[in-house]
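Walk through this model from its overall fold down to single side-chain pairs.

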Amino acid sequence: SAGSWVSDKQYHLKARARDNAGNTQTVFTPGGNYNGFVVDATPPVSLSTLPSSAAFVNAVPTLSGTANGDLAGLSKVELTLYDQTANLYWDGTQWIAQSISTLPASFGVQTGTVTWTFDASGVTFTSGRRYGVTSKASDSAGNVEAAPVSTAFTFDTQAPSAAISKPQPGALTPAYSNNAESARTLTALSGTAADGGANPTG
């Protein structure tokens, strides 16, 4: 009979034959009359961890994160890379607006909490824009992650700038110092600093 299977358990099934003469099969052969199988109805989970959420970065060589598909084990992890500023999706070669594209992540072992990676060296990021990464895992039992989580980061390659406003350059040598050769005493230093562009790091 089918019985009631409990999820996230590994089961072993044995079968043996008996003939009319009373002989009974005594040897169990894996893959023959002895098989194991897993019942797994739990969806896998995943998370993007690099770049970290709300981070400001000036280079993104790799996207990475974690995933867990126990008990059946992971079969695949797919990513969505979204330009939140321009409303575009990376399809593997270019940014497109037509539809959401999924990108295959790489990982080694299938069981336990594993690390997945995606080579982002070919992605053309634009300074000042905010990007979102969503990962979605599938396991070998056919379960798909129910509620994929998104993280976002800002790409910023524009260097900040600084300027000195006090002391000001003047005729005195040196200007605004407390050296004996100066007529005035330096009592304060001041200046300005700015980080320009869209979505500046600060």
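Helices (H or I, at least four residues) and strands (E, at least two) are DSSP runs, numbered from the N terminus. Counted that way, the protein has 15 strands and 0 helices. This is a predicted model: local features need pLDDT of at least 70, side-chain atom pairs count only at pLDDT 80 or more, and totals for chains, interfaces and linings use all residues. Residues are numbered from 1 along each chain as its sequence is written, and side-chain values use heavy atoms, leaving out hydrogens and water.

Take contacts next, meaning heavy atoms within 4.5 Å. Among those between residues at least 6 apart in sequence, 64% join residues at least 24 apart.

Now burial. Buried means under 20% relative accessible area, exposed over 50%, and partly exposed in between (1.4 Å probe, protein chains only). Of the 202 residues, 28% are buried.

Turn to charged pairs. A salt bridge puts a side-chain nitrogen of Lys or Arg within 4 Å of a carboxyl oxygen of Asp or Glu. The count is 2. In one, Asp83 pairs with Arg129, with the closest N and O atoms 3.0 Å apart. This pair links distant parts of the chain: Asp83 sits in strand S6 (residues 74-83), Arg129 in strand S12 (residues 129-139), 46 residues apart. Asp83 counts as buried because its relative accessibility is 1%. Arg129, at 26%, is partly exposed. Lys76 and Glu78 also form a salt bridge, with closest N and O atoms 3.8 Å apart. Lys76 is partly exposed because its relative accessibility is 40%.

Finish at Thr154, in strand S13 (residues 150-155). Thr154 is buried, since its relative accessible area is 3%.
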